[in-house]
Amino acid sequence: MDDSKIIQLYNQRNEQAISATDAKYGAYCRAIAYRILYSTEDTEECVNDTWLKTWNSIPPQMPKSLRTYLACIARNLAFDRYRMQHREKRGSGEVDLALEELDQCADRLADVETDYQLQELGEAINRFLHKLHQRDRDIFVARYYFVCPVAEIASKLGIHTNYVHNILSRTRKKLKVYLEKEGFTV
Amino acid sequence: MKPKQTEILFASMEHLDHDMIESAAAAMTGKKKYGSPILKWSAVAAAICVLISSLVVFAVFRNAGAHPATDKVALPPPSTATNIPTSTATPQPTPGKPFQLPASADDIVWSASEQNGPDGDASAMEWNGLWVSYPLYDALKEMDDQTYMSLIVQSNDQERVYDIFAEAGYCVTVKNGSLYLFVQKDAFANLKIANRESYLFHLASRESYEGEVSGPQDLTSDDWSEAENT
């Protein structure tokens with residue numbers, strides 16, 4: 001079903017909207033959540049929460065891209081759930097590897113107390129990413145937003161794993177310098 | 001409990017622009033290819049260029065009655081090292097490829113000199129279609145095929161030289177303004193790089209590689225152990 005028709009169903013408060021969303025984007029959202037949670041049960045709950053949150057937010061929200069909108073919700077819910085489950089220590093999933101890699105950018109990051117500060121930080125990262133080469137940006141977002149394994153990124157983009165590692169390493173170091181310049185570090 | 005700084009950074013990415021997310025998502029569906037077609041056609045073009053240039057060089061030297069492998073040939077002076085883009089990449093071995101790092105830096109052949117560079121001598125020797133410095137040329141004669149070397153790469157196109165080698169899967173890193181290539185002799189002999197004859201290689205100095213690092217973009221002293229652990 002076309003995205004605009006699915007959104008129309010949400011606007012009409014027609015419950016078919018959820019089954020249509022699940023049919024079209026269920027696998028996509030499950031893949032995003034599973035990369036973070038590494039658990040089928042948790043992933044299923046997270047995807048159900050995604051449909052609920054989408055149902056509650058459209059309307060008034062009118063996403064330009066339903067696919068990206070659902071990806072944002074699924075990722076955020078999955079990461080919230082991950083944080084609840086990993087208060088004490090990190091495990092060995094892909095998200096742990098991604099977080100470990102990001103440690104070098106974040107070691108001197110100032111505390112962020114409010115949602116507003118979090119948004120400011122997100123916008124700074126946006127500005128930084130916009131300065132990057134398209135390929136490097138896609139790789140960074142695939143790795144740290146979608147938590148895709150490096151081998152998968154290399155395979156999908158048709159480049160060497162080694163090269164993906166190098167690009168990520170360079171980008172992280174540039175990001176660290178950028179965040180320092182922008183005053184996000186202590 | 002407060003979230004860790006890394007988790008804050010990760011969480012802040014929920015505010016990324018949707019066009020960036022869509023672009024990456026499209027890339028991950030295999031709709032974008034950044035490497036293979038270009039590399040494929042580059043390889044074909046490179047093969048043709050190498051073939052033509054080899055024939056030309058061979059014809060020129062045969063007419064001149066000289067042998068390229070034994071005569072000293074002047075290269076144009078290489079660009080200054082300051083033109084090299086400052087990369088922060090860590091040397092990474094490529095799984096399944098022959099260009100892996102040895103277990104220790106002690107297993108690598110380094111220059112006996114403490115300084116990088118061909119001591120101001122811009123001339124070089126031809127070795128397997130590559131231009132190499134005299135000390136490297138001499139060292140290559142003594143090495144077996146599996147010996148690892150740390151080489152400094154110089155080129156007149158220093159802006160792209162890192163990407164050219166990295167895209168081909170070679171283990172390279174930039175440190176202290178020099179491009180270091182870690183490679184075994186047999187892989188070096190069969191270097192799969194376009195325009196092979198446009199580079200000048202010489203042995204890198206371990207003292208320079210492990211020495212004082214200037215600037216925030218350079219590598220740290222932990223890089224070697226980091227590369228070993230990868």
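How much accessible surface does chain A have, and what percentage of it belongs to carbon and sulfur atoms? The total comes to about 8,600 Å², with 49% belonging to carbon and sulfur atoms; areas were computed by the Shrake-Rupley method with a 1.4 Å probe, and for residues only the protein chains shown count as cover.

The model is predicted, with pLDDT of at least 70 required for local features and 80 or more for side-chain atom pairs, while totals for chains, interfaces and linings use all residues. Side-chain values use heavy atoms, without hydrogens and water, residues are numbered from 1 along each chain as its sequence is written, and chains are lettered from A and ligands numbered from 1 in the order in which they are written.

Chain A holds 9 helices and 0 strands (DSSP runs numbered from the N terminus: H or I of at least four residues for helices, E of at least two for strands). Of its 186 residues, 55% are buried (under 20% relative accessible area, 1.4 Å probe, protein chains only). Among chain A contacts (heavy atoms within 4.5 Å) between residues at least 6 apart in sequence, 64% join residues at least 24 apart.

Turning to chain B, helix α2 (residues 18-28) has Met20(B), Ile21(B), Ser23(B), Ala24(B), Ala25(B), Ala27(B) and Met28(B) buried. The buried residues of α2(B) pack against helices of chain A, namely α2 (16-37), α4 (66-85), α6 (115-130), α7 (134-144) and α8 (150-157). After α2(B) comes Gly30(B), with a positive phi near 85°. Further along, Val60(B) lies in helix α3 (residues 36-64) of chain B.

Conventions:
Buried means under 20% relative accessible area, exposed over 50%, partly exposed in between (1.4 Å probe, protein chains only).
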